[in-house]
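Here's a quick, friendly tour for anyone meeting this protein for the first time. Take a look at the sequence and the model below, then read on.

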Amino acid sequence: MSDLRITEAFLYMDYLCFRALCCKGPPPARPEYDLVCIGLTGSGKTSLLSKLCSESPENVVSTTGFSIKAVPFQNAVLNVKELGGADNIRKYWSRYYQGSQGVIFVLDSASSEDDLETARNELHSALQHPQLCTLPFLILANHQDKPAARSVQEIKKYFELEPLARGKRWILQPCSLDDVDALKDSFSQLINLLEEKDHEAMRM
């Protein structure tokens, strides 16, 4: 093969490589969703979000006011605004609801009867709040690894979710820090609900 043809062959290969790189373009941006995460102090909100962000458990400090975490998933990024769950903070929760596209409610399934009753009242208030009532809800029954943990069916019955949340988009899932795969699957289901709501809005 002549030097000219060898040069032409290399130039053509360079052109193919250039076209493959340039025409491919950057990967499509993942959609981002703004979520609010609520629940009583001790329910495990901060620990669960830190686990999803692969943060060291030694650095986890309970949220007293609010914090924001960007939680990345393969098909979306969740910008989660976590609100502290202390008595003196919960009355201000509604001030931070504006702009939310979904809700994460974390409850301690092994808590005392009094705390469980308080959690039920707070969830009922959130499900009926004007700024949240049309949004997808992910309800996490945390601490399933504890001996006193109530089952999902017990939680569903006690919280009266079937009649209260009828017609709403909601998911109730068990979780614990020991099972991160199940936790990620719960959030994937929430992302599906968020995407469905997006598609419905586009069709309107």
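This is a predicted model: local features need pLDDT of at least 70, side-chain atom pairs count only at pLDDT 80 or more; totals for chains, interfaces and linings use all residues.

Let's start with the fold. The protein has 7 helices and 6 strands.

Next, how the chain packs. The protein counts 204 residues, and 40% of them are buried. Take the contacts between residues at least 6 apart in sequence: 73% of these join residues that sit at least 24 apart.

Now for the inside. How many cavities of 30 Å³ or more does a search of the whole structure find? The answer is 1, and the space in the largest cavity comes to about 30 Å³.

Who lines this spot? The residues around the largest cavity are C37, G44, K45, L48, L49, V106, L140 and F187. Helix α2, which spans residues 45–52, gives the largest share of that lining, with 3 residues.

| Kind of lining residue | Number in the largest cavity |
|---|---|
| Nonpolar | 6 residues |
| Polar | 1 residue |
| Charged | 1 residue |

To find the place in the model, look for helix α2 (residues 45–52), the element with the largest share of the lining, and then pick out the other lining residues, including C37, V106, L140 and F187.

Note on methods: Residues are numbered from 1 along each chain as its sequence is written. Side-chain values use heavy atoms; hydrogens and water are left out. On a 1 Å grid over the protein atoms alone, a cavity is a set of points where a 1.4 Å probe fits but cannot get out, and a pocket is an open set with protein on both sides within 12 Å along at least five of seven lines; lining residues have an atom within 4 Å of a point. Grid points are joined across faces, edges and corners, and a volume is the space filled by probe spheres set on the points. Helices (H or I, at least four residues) and strands (E, at least two) are DSSP runs, numbered from the N terminus. Ala, Val, Leu, Ile, Met, Phe, Trp, Tyr, Cys and Pro count as nonpolar, Asp, Glu, Lys and Arg as charged, and the others, Gly among them, as polar. Buried means under 20% relative accessible area, exposed over 50%, partly exposed in between (1.4 Å probe, protein chains only). Contact means heavy atoms within 4.5 Å.
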